[in-house]
Amino acid sequence: MSEVHRFLFDGMPVRGAIVRLTDAWQEVLRRRASDREKGDFPAPLQDLLGEMSAAAVLMQSNIKFNGALVLQIAGDGPVKLAVVEVQNDLGLRATATVQGDIAPQESLSQMVNQHGTGRCAITLDPSDRLPGQQPYQGVVPLMDADGKFDDLSRILQHYMRQSEQLDTTLVLAANNEVAAGLLIQRLPGQGQGNLAGQGAGDEAAGEEDYQRLAILASSLKREELLALDVNTVLHRLFWQEPLLRFAPDQSDRRPHFHCTCSRERVAKMLLGLGEAEVQSVLAEQGQVDVGCDFCSARYVFDRVDVGALFQTGQIQSRSDSPLH
Ligand SMILES: [Zn+2]
């Protein structure tokens, strides 16, 4: 079962979280495989998308925010776009757009950053967003002055430092069964530059604590993260540290597969395209068949559906197709 656990270190300005996606991640892969046209993700892309899924769940579970967290990489290699979306209740979906071949041992740079123009973006899209209101988005390149990043954890650590001013250590790993991640983050300094706040000594001690915990976290090997259960990982890494676990009372916030597509949304999209455009598809193909990239659901609109849609401006309920 997929799970995420959050924790703190007593008396230290450091928080952490560990995630292990099993059923939720396998469902992402199963949905993709069920689309015969696209088929399975090539292995290196599958692993990247799994790591992105684990990271996005870690980040979503770490913030107080009512809306979707979208982690995406816009690539300049065969992977044009890789995207993971995690809702506030940790419902997640993921997909990628590929043009061209991906070799079995292809590196991250080869997939998404061949020419150094790949980008990583994190978007926070509030569920109560007003019309015209832009969601919050931060973007970083997939390289720094020292060169291209060759794994996702480095990209995201860079993002956290650049975009959020948060020192973060991430260990991420995925295969075709498990997507897992460990996050250690230094809490923003309390009362910095504030006489009533922490003194310089506390600041230095906090830095020391963070560095020590970050080194411990980084010692975790990918194979261990994939194979071991959460309790074993935390015990192995931090048995000498005052780890405080949050009670696992978040059964309503368990990571799970969830796609937000629906017939209504597709209908809205068709209305946005305009009647002439949709009628021309209808004339050419006999029906309008729209597939969801994330979950491979298909939404079919025949002549009657399309006529009714543009006449009334809304979707007619159909007894022969399940409305989501
Ligand atoms: Zn869908």
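Two residues are in contact if their C-beta atoms, placed from the backbone, lie within 7 Å. By that criterion, seven residues of domain 1 touch four residues of domain 2. The structure is a predicted model, and its protein chain is assigned two parts, domain 1 (3-257) and domain 2 (263-312).

**Domain arrangement**
- A distance of 36 Å separates the C-alpha centres of domain 1 and domain 2.
- On the side of domain 1 that touches domain 2, α1 (23-34) and β5 (91-98) are the elements that supply two or more residues.
- That side of domain 1 comprises four charged, two polar and one nonpolar residue.

**Overall fold**
- Ten helices and 15 strands are present in the protein chain.
- The C-alpha trace of the protein chain extends over about 75 × 45 × 40 Å along its principal axes.
- Of the 324 residues in the protein chain, 32% are buried.
- Residues at least 24 apart in sequence account for 64% of the contacts in the protein chain between residues at least 6 apart.

**Confidence**
- The average pLDDT of the protein chain is 90, and 92% of the residues score at least 70.
- Where pLDDT is low, predicted coordinates should not be read in detail.

Conventions
Residues numbered from 1 in each chain as written. Predicted model: local features only at pLDDT ≥ 70, side-chain atom pairs only at ≥ 80, totals over all residues. Domains from an automatic or database assignment. Helix = DSSP H or I, 4+ residues; strand = E, 2+ residues; numbered from the N terminus. Nonpolar A, V, L, I, M, F, W, Y, C, P; charged D, E, K, R; others polar. pLDDT = per-residue confidence, 0-100. Buried ≥ 20, exposed ≤ 12 C-beta atoms within 10 Å, placed from the backbone.
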